[in-house]
Every structure is written in C-alpha cells, then in structure tokens.
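Please consult the sequence and the structure shown here while reading.

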Amino acid sequence: MNLHFSKELRDSLFKLDPRSMLAFRTLFSVALLVDLIHRFVNTKYFFTESGVFPKAIWEKIYGYKPYYWSFHFNDVDWVIWTVVGAQVVLAVCVVIGYRLRTTLLISWIFLLSMNLSNPLLTYGGDKLSPGLLLIAGLLPLTFAQRKKAAGGPLSYLGGLLILTQMTILYIGAGEAKVWQTYWMTGDALHNALNYNLLVKPFGVWFSQFDSILKVLSLATPWAEIILPMLFWVPSWGGRIRAVAILGVLGLNFGIFLMLDVGYFMFYASPGLICLLPPVFWDSISPITERAQRWLLRPGFSLGNRFSLWVTNETKAVDASLESEPRPLGAMGRVQAAVMVWLVLVIAISGLEGMHAFKRVDWPKAVWNSVRTPNLYQNWGLFSNPDTNLMWYVGKAELNNGKLVDIIQGGESLSYPRIRKRPSLFVSSFRWRLAFAKANKHKKFKEIRQAIAANVARKWNDEHSPDEHVKSLKILKMSKVLSDTFAYRRRWKLWATWDGSSG
C-alpha cells in the first residue's frame, strides 16, 4: 500500500504529461527559431568584429576566465554569418523534430557560445533559454524517448529537473522584489510603466490607473514566491498545480502586454506549460477535440497532417511498459547523472543568486563547473524600479543637411521625454540592452563609440546616400519622475561619431 502511494505521489509530482511536453517542445522551439532569425538579421551590428562589442573590448572588460569562452569570435564576417545561420538551421530541425535530442544539445552549445560572445546583448531570456535547451535535450519529449524511459527514473528526474528550474526562476524573481522600497510602497509598476525605453502602448495607457497599479505592485512579489511553491502540491488531482501555473502564465501575459522584456516570456511560458498536469488537458478536451475535427475536415491536407502528427506525438506509453520499467543502460545512467547534477546546480546557483549563501566561499572548481555551461542564475528582474528616468536623443546631421533624431526613426529633434519606445529599440530590444550595458561599463568609452557607429551604420543601410549620416551625437537625457514636482531635465553627451571615424 505504501509503495502504491509512493508511486502515485511520484507520478503526481514529477511525471510529465505527454501533451504538456509536446506543447513545451512546440512553443519553445518556435520561440527559439524566431529569436535566432531576429539575431541573424542583425548579425552585422551585433556579432561581427565591426559590431557593437568587438573582441578587443570584450577582452579588456572580462580578461581570461575559464567560464568565458566562445567560438563566435572571428575577424571574417562571412564566418560569423555562417555560424549564426547554422544556428537558425538547427532551430528549424528542433521545430520539425529532426534528430531531436542531438539538435537540442548542439543548439545548446551554439547558444551558449553566442551569448558569451556578447554579454552586452544578454537579458533574462538569454539566461533561461540555454538552460531550457539543455533540459529539453534530457527530457523524453518524443513518443520513442518516452517509450524507452518507460516509467523509470529518467521520467521522474526529467519532471524534477524542469520543476526545479521554473520554481527557482519565479521564487528568485519574487525574492529580489519582496523587500524593495518601491514594491513595498506600491509604486514599482507605476515607475516601470514610465520607463519609456521599454513600455509598450498598452502599458502607457494602463499607467493612468494608479490604484490598480498599487495593488498589483504589492501583490506581484508575493505571487511570484507563493504560486511556484504550489507547483509542488500534488493534492486535488493536480488542480492546485494547474491553477498556480495558470496564475503565473497570466502574470507573464500581463508583463508581455505592457513591457518589452525581449523573449523572456516566450521562453518561460513553455517551461511552465510543460508542468501542466493531465487534469488540465482532460478539462479542455472538448475544445481540443473540436479543434481536431476542424483540422480533419475534407480538403484541408495541412490540417490533416498536423492533426496526425499531434496524435502520434501524444500517444500514451503502454501500461505494461509503465509497470515494468527497463533497467538503465550505460547512456541512461549518464543521462540520469547529468539530470541530478543539473537539479543541484540550478537549485544551488539559484539560491546563491538570492544571496542565501552569503558566507560560503565556493571552491574554484565548483564555481567554474557552474559558470562554464552558463547555468548560474540570478533572477533580479525589475528588482526595484525607481523614479530615475532616462532616454536618448540621436542628433544626426545628414548629407542633405537635415538634422533628425535617428534613434526615433528620423523624427524631428525633440529633447523632452517621449512616452513611447524609440524606433531603434522597437526594431530590436537588443539595442536597448547594448545602451544599458554600456552604461554599466561606463568607463569604457570604446563601447559607446562602437554603439554609435553601428546606430549610424544601421541608418545608412536603410536609407539612400543623400540621407546618410554625416555626423552623430547621442545625448543621454535624464529626469526624476514625480507627479507633484517638475524636476529639471538633464543631459550629457553620451557618444559621438562622424563618417571619417568608421
């Protein structure tokens, strides 16, 4: 009786539903593909030696550390284009499921290399995506892999692994906020929605509802801590976990509507969906069955093929296989060992990111083993949005004599704060990251010069010679946000560029 209960408990906590894994695999792989296509389009500005962060600057800032490595450094531009293009091809293979485990693991190595080659452009999603790629490579995502795992330890370790990752992520994010001033006073979201560098139109509109924002600010940190804890509650047939996951997904969606946080939500949400219990899919089965009938209608060959693929991918493992798990072979034992190691690394590094081990001096070998695969996690996103506002003016003189703001897409020069994201940052959120990280490394003037050169370069690539940039001055503007006092606007020269300098 105890053994039966123990298996039931393990199943409810750690066994992943095939439908959840299929949804995770599909959504995550599509997000990865779109992300990499976007990076490929901007390879010239972001990853080549003439881009915003060449290797010479990288070496000056970071120097030699065993956990900083990359094969994305190359003086020849076409080699970099080829490497990034190969990543896009690998992402396509992941989407269609071609040699899935192999392509997932190779994609993981390539993505680590890309992120480490340009820390200037990495954000929360770029910390999460390599970890999820590695986890996905270890999960039994396909029917054949699930059949091979056959209810054995790999099935449970996979569930434990992704459960640990998603729990640490959101608890870490909540813990970073919970005792911070502006979250406790209820002003954090009001401040965040006035960051014109990343606020979306819906966020601008929503910023007028101060009373709602105050309640949400007070509730958000606790929701990020409490809801992930409920992922570990197996009772009520999995409904508690399902409700908690849907709550966090709702939080993700709200942030996505209001703020530009890159691809973070598109990576985190599939990870949450992977944990949805069978009761969720069973409860929406009338909707999925209706959708399947629509896909199977006569004459819709693409829908027929997609429906057949979904049916094959979500086939349940035979009951006899579940009752008689196969013993682990040599590769299975290696896979299990890697899973256990990852659970420990994610848990320990996540707690380290929350400053839970303030007095622990980790041995260098242990620290390097965590940092080398880039698995260190510190989820301090929006830890304390304050009242210091900042924006940029890209004052460019064109060959035709006009003065325009090329950061705002060629609009007339205007120095007051504009309540919308700059056109440059809308084209890719990684431009915003480059500006922000350059401020972090403010003593390295070369970074700002490289960014200014590539802002002008991007403009010139998109306009006729008559409208090319002759000279560029990027001004950093700042002001204190206040509803009761008109604080003075300040500015300083952030970077300059002229045609003769590159």
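Which element gives the largest share of the lining of the second largest cavity? That share, three residues, comes from β1. The model is predicted: local features need pLDDT of at least 70 and side-chain atom pairs count only at pLDDT 80 or more, whereas totals for chains, interfaces and linings use all residues. Residues are numbered from 1 along each chain as its sequence is written, and side-chain values use heavy atoms, with hydrogens and water left out.

**Cavities**

- On a 1 Å grid over the protein atoms alone, a cavity is a set of points where a 1.4 Å probe fits but cannot get out, and lining residues have an atom within 4 Å of a point.
- The count comes to five cavities of 30 Å³ or more, a volume being the space filled by probe spheres set on the grid points, which are joined across faces, edges and corners.
- The largest cavity holds about 70 Å³ of space, and its lining includes Phe46, Phe47, His72 and Asn118.
- The second largest cavity has a volume of about 60 Å³, and Trp391, Tyr392, Val393 and Pro422 are among its lining residues.
- Seven nonpolar, three polar and one charged residue make up the lining of the second largest cavity (nonpolar: Ala, Val, Leu, Ile, Met, Phe, Trp, Tyr, Cys and Pro; charged: Asp, Glu, Lys and Arg; polar: the others, Gly among them).

**Largest pocket**

- A pocket is an open set of points with protein on both sides within 12 Å along at least five of seven lines; the largest pocket contains about 1,500 Å³ of space.
- Its lining has 41 residues, with Thr122, Tyr123, Ala436, Lys437 and Lys440 nearest the centre.
- Helix α23 provides the largest share of this lining, seven residues (helices are DSSP runs of H or I with at least four residues, strands runs of E with at least two, numbered from the N terminus).

**Helix packing**

- Helix α2 (residues 18-41) packs with α7 at an angle of about 135°, their axes being 12 Å apart; axes are lines fitted to C-alpha atoms over the stretch in contact, and angles run from 0 to 180 degrees between N-to-C directions.
- α2 and α7 are therefore oblique to each other (under 35 degrees is roughly parallel, over 145 roughly antiparallel, 65 to 115 roughly perpendicular and the rest oblique).
- Helix α5 (residues 77-96) and α6 pack at about 145°, with axes 9 Å apart.
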